[in-house]
Amino acid sequence: MPPAPEPPRLDESDLIARVLAGEREAFHVLLQRHSAPLLATLRGALSNREDAREVLQETWLRAYANLARLREPAQLRAWLLSIALNLARARHRRAGERGLEPGDALEPSVEAEHEGHLERGEELETLRARMAELSARQREVVDLRVNHELSHAEIAELLGISEEASRANYYQGLKHLKLALQRPTRTRTEA
Amino acid sequence: MNPTPLPASCARLQGRLEALADHGLPALEDARDRGHLEACAACRREYDAELALLAAIRAVVPAELEADSARVVAHVLARSAELRPARRRMGSVPLVLLAAAAAVLLLFLLENQAPDFVVAPGERRLAALEGVLEHLPSWADVVRGLENLSRGLS
């Protein structure tokens, strides 16, 4: 049987207007559309799985309460990222005060916990470990550019840096990844 | 037959593969480098590797991400049932200004005696309401009233 056709993608500004009018189903659509990409970014920023989940929940609750402040519906993803990254930074600061370094609690993913998995999975796990070696800024910029497809102008505004700095961090981050991938695998938890 | 690219041009291109894949080069340089890629198999391989790296970064998703995301969606949806999103604010008109305008309007109505529509029944009330509407102050009157009020308070 052929797969069921995907439902038409609902317009984001229409969805936001419906959420503001009290339609919870519209909010559900937004949650499903943006949660996984946001969570992936938070996993990169926080490393700790539980922290990332909590920050994403807090991000959504704040966004829901303040949705009327969003003037440009097209900027919803950037707005959500802004809230999420600010909350992640606040959590980093608190962790620093408790004497923890962000990323210290880097967890092996489920893939790494199972031996004998596909070679592709190993490659991706290696890449994930290498990405954790990037500076926090490089990691943020690479993620925002590649996974969220934000322009350097949008990244610059989101992170409070110049467009040139966004480009430089992006290019340096990719160069670092290419070089790092030529080295033998060594995860941070072994360091 | 394809001309053999000069090593210097290969070195230049391979030094900025990230910018090329990011479409971050000026148009002329972008066109020149892409023309080079058509002619140079070695640089083409490097460029394809760059694109493969970007695809791999997109694929670096922890296996548990979907399950975690679904948990967050369920949790937030349940919590949001207890909340309501704030309504859009009334643009740039401050609440205090609206309150002051209402006060001026009230003063105006009182100055012009208690309008019949408040107390009169039936058709008299409708006629009185029309009379009041005719005599409602213009925006300029409201501004003047606010100025007077402000002078009176200061």
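**A loop and its surroundings**

Reply: Helices here are DSSP runs of H or I with at least four residues, and strands are runs of E with at least two, numbered from the N terminus. The model is predicted: local features need pLDDT of at least 70 and side-chain atom pairs count only at pLDDT 80 or more, while totals for chains, interfaces and linings use all residues. Residues are numbered from 1 along each chain as its sequence is written, and chains are lettered from A and ligands numbered from 1 in the order in which they are written.

A:Glu149 is not a glycine, yet its phi is positive, about 55°. A:Glu149 is exposed, with 10 other C-beta atoms within 10 Å. The terms are set by a count of other C-beta atoms, placed from the backbone, within 10 Å of the residue's own: 20 or more is buried, 12 or fewer is exposed, and anything in between is partly exposed.

An α-helix has 3.6 residues a turn, so residues three or four places apart point the same way. Following α8(A) is A:Gly160, with a positive phi near 70°.

B:His23, in the loop between α2 (17–21) and α3 (27–39) of chain B, has a positive phi of about 55° and is not a glycine. B:His23 counts as exposed, with 8 C-beta neighbours inside 10 Å.

As for the two chains together, 34 residues of chain B are in contact with 41 residues of chain A, where contact puts the C-beta atoms, placed from the backbone, within 7 Å. On the chain B side, α2, α4 (41–59) and α5 (65–80) each supply at least two residues. The largest share, 12 residues, comes from α5(B). This side divides into 18 nonpolar, four polar and 12 charged residues. Nonpolar covers Ala, Val, Leu, Ile, Met, Phe, Trp, Tyr, Cys and Pro; charged covers Asp, Glu, Lys and Arg; the others, Gly among them, are polar.
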